[in-house]
Amino acid sequence: MREMRYVFCIPQRYVIFQNESFCRWKQELEFELQRIYDNKHDKFIWRLLTIIHQGFNGWSDEKNFNELVGGLLTIRKNIDLYYAQEVESKEKRKDMDKKIFVSHASADVEYVEKLVDLFIDMGVREDQIFCTSVPGFGIPEGEDIYDYLRKQFNQYNLHVVFVLSNNYYRSVASMNEMGAAWALYNKYTIVLLPGFGYKEIAGAINPRQIALKLDDREKLVQEMLGQIKRNLAEEFELPDIADTRWERKRDSFIKEVNEIVPQLIDSDFESNNENDLELDERGYYIKKSEKQAGKNIRYCAACYQNTGKLFPITQGSMRRDFFCTSSNQPFPLFLPS
């Protein structure tokens, strides 16, 4: 909403009132521009992000808004420049075999097992599901976990199902999976486990995308499961199943997940022992204990200072391209040591 401010009846400036719709538009714009910047490191995009970050404080609202609009029109005229990589990636993956990859924390395996069973009930073949914690759907014996996971992303058109919980955000492996899916533009579905809310969604996924919340009202859960089934049926060309059979399987799934007692992950990921942290001059934290154990995990210093939580830095689609798995902050000069 824009309104002219007057001083002694003389118009002085336009002021933008940040109502709900404007704030939502600004957040969605910032998310998309940040996504472009993380891929391109483009100065023009960074300038637009700076305008958004400075906010609308009443002194230069009209000028800032006009610059944003002008910037968006410029992006539209040069759309191939900013989205060519995404289009190319999606076109390349169109001809690959499709799979569902269930990204989750190992502590949430009871929920994940029920979810995998439900996908099979929908008509998805067992060889179209990749899930590391469920026997028969994970990593073959003798395979390196990270090499095998990399092969899945490179050789298949993965539809990633993010099973989000507090455990998920405590898991470095899970956050790296999220980062890989974001970097490769994979399709994804969000599932929120009981006790985990919409406002807690963070990292390299869109928090405004509609998600399935398993402890929501039963009617809403039924509708969302039906929508997921229809989407997967179209994407994977699944065979039709009788409505009565589907409804029985769906309602049994809802009942069983509500009976599960949540388990907390056994991890020191959020212990945040200040004495165990070491700040590198390049702008990231490492844990001394992990370094001594031979682990090479780096955490975003800005996120830790702002939230008190440690989010790992992961590699993007380019060898030299690294970013924070929570804020998507780029680390363009960050090189492995």
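Reader: Over how many bridges do S3 and strand S5 pair?

Author: Strand S5 covers residues 157-164, and S3 pairs with S5 in the parallel sense. Two strands count as paired if DSSP finds at least two bridges between them; helices (H or I, at least four residues) and strands (E, at least two) are DSSP runs, numbered from the N terminus. This is a predicted model, in which local features need pLDDT of at least 70, side-chain atom pairs count only at pLDDT 80 or more, and totals for chains, interfaces and linings use all residues. Residues are numbered from 1 along each chain as its sequence is written, and side-chain values use heavy atoms, with hydrogens and water left out. S3 and S5 pair over 6 bridges.

Reader: Which residue in S5 is the bridge partner of Ile100?

Author: S3 comprises residues 98-103. In S5, the partner of Ile100 is His159.

Reader: How many of the 6 residues of S3 are buried?

Author: Buried means under 20% relative accessible area, exposed over 50%, and partly exposed in between (1.4 Å probe, protein chains only). S3 is mostly covered, and the number of its residues that are buried is 5.

Reader: Why do the buried residues of H10 line one face of the helix?

Author: The buried residues of H10 are Trp246, Arg250, Phe253, Ile254 and Val257. They line one face because, seen down the axis of H10, they fall within an arc (of the directions from the helix axis to the C-beta atoms) of 95 degrees.
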